[in-house]
Every structure is written in structure tokens, then in C-alpha cells.
Amino acid sequence: MSKVINMVNQKFGRLLVVTRAYDKGANGNARWNCVCDCGKHIVADGYSLRHGITRSCGCLRREMSSQAAKCNEAFVANQGNPMYNEDGIAYSSLYKGKRNRTGVIGVSFDNNAQRFVARLMFHGRYVLNHMTPDFEEAVRLRKEAEERYFKHPVK
């Protein structure tokens with residue numbers, strides 16, 4: 001026979017324990033009917049309440065996520081989109097990635113077409129997307145596009 005700790009009228013985080021729930025958890029622990037500060041009713045495991053694992057109905061996590069997102073406005077503004085610098089140039093067009101095999105930013109090799117591709121994205125659209133069989137021509141096209149669109153030279 002186990003001892004059940006009476007938790008009625010105790011507050012755990014944002015949750016106030018109202019009554020004991022009739023069902024037990026899968027782990028055999030007592031479960032409790034609780035009311036959150038936001039007004040939502042939930043059933044929580046007694047162990048989770050006592051050890052601070054469950055502190056709200058989920059509203060606390062949503063609020064914390066919202067605050068964290070507000071702190072990083074650049075991430076929120078560009079969620080799912082490429083990040084741009086002050087000149088409107090995508091960072092992917094400015095820095096050589098670790099998968100770059102040609103050694104030149106914006107120049108890659110397309111194995112299917114067996115050609116080099118020169119690309120430059122400016123203000124969210126490709127201003128250069130050209131295939132050529134010659135590596136030097138692809139580099140030349142990329143450098144010309146950089147001179148035309150970049151205010152500051154790329155290092």
C-alpha cells in the first residue's frame with residue numbers, strides 16, 4: 001500500500017491543485033486535477049508537480065518562446081528565408097560555404113550537366129544564374145555581377 005501525498009489547494013508554478021484525479025498514470029503515480037492561472041484545466045502527475053517538471057498548462061512555454069523570439073528579431077524576420085546584409089545581399093552569396101568545392105563564392109559545379117554554374121542573389125532574386133563549361137568564365141561572370149551589384153567589395 002502506497003502513501004499518497006495530499007496536494008489539494010497547493011500551488012506549483014502556475015498550477016493550483018483542485019482535486020485528485022480518479023485515474024493513475026501509466027507509471028502508477030497519483031494524478032491531480034489542476035487549474036492554471038490562465039484558466040485552463042489539466043490533469044498532472046503528482047511527481048511532476050512536486051519536482052517542478054510541470055509548472056503550467058503549456059502557457060508558460062509559449063510565453064517564454066515568444067519572448068525568446070522577440071530577442072532575436074533578425075531570425076524572426078527571416079524565418080525560412082535567406083539572411084541579408086545591409087546592402088540586400090544574401091549572406092550565402094557573400095561567404096564560401098564548407099561544401100564549396102571550387103574555392104570561389106557563387107561558383108559551383110553541376111554534376112548532372114557537367115558544367116559550372118555562376119550565381120548571385122540580390123534582394124531575394126537571382127540576378128546571375130548562368131551555366132558554362134569553362135571554370136574561368138564562370139568566375140569572370142560572378143566577379144562582373146559582384147562589381148555591378150555590391151556597394152562594398154567582397155573579401
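Which residue in β6 does Asp-110 stand opposite? In this model Asp-110 stands opposite Arg-115.

Before I go on, please note that the model is predicted, with local features needing pLDDT of at least 70 and side-chain atom pairs counting only at pLDDT 80 or more, while totals for chains, interfaces and linings use all residues. Residues are numbered from 1 along each chain as its sequence is written, and side-chain values use heavy atoms, with hydrogens and water left out.

Helices (H or I, at least four residues) and strands (E, at least two) are DSSP runs numbered from the N terminus, and two strands pair if DSSP finds at least two bridges between them. Strand β5, residues 107-110, pairs with β6 in the antiparallel sense over four bridges, and in their hairpin, with four residues between the strands, Gln-114 takes a positive phi near 55 degrees. On to the next strand: β6 is joined by seven bridges to β7, residues 125-132, again antiparallel, with Val-117 having Met-131 as its bridge partner. The turn of that hairpin has two residues between the strands, and His-123 there has a positive phi of about 55 degrees. As for burial (under 20% relative accessible area, with exposed over 50% and partly exposed in between, using a 1.4 Å probe and protein chains only), six of the eight residues of β6, 115-122, are buried.

Finally, Ser-56 sits in the loop between α1 (46-50) and α2 (59-71), and counts as buried because its relative accessibility is 12%. Leaving aside neighbours within four places in sequence, Ser-56 is in contact, meaning heavy atoms within 4.5 Å, with Arg-14, Leu-15, Cys-36 and Ile-42.
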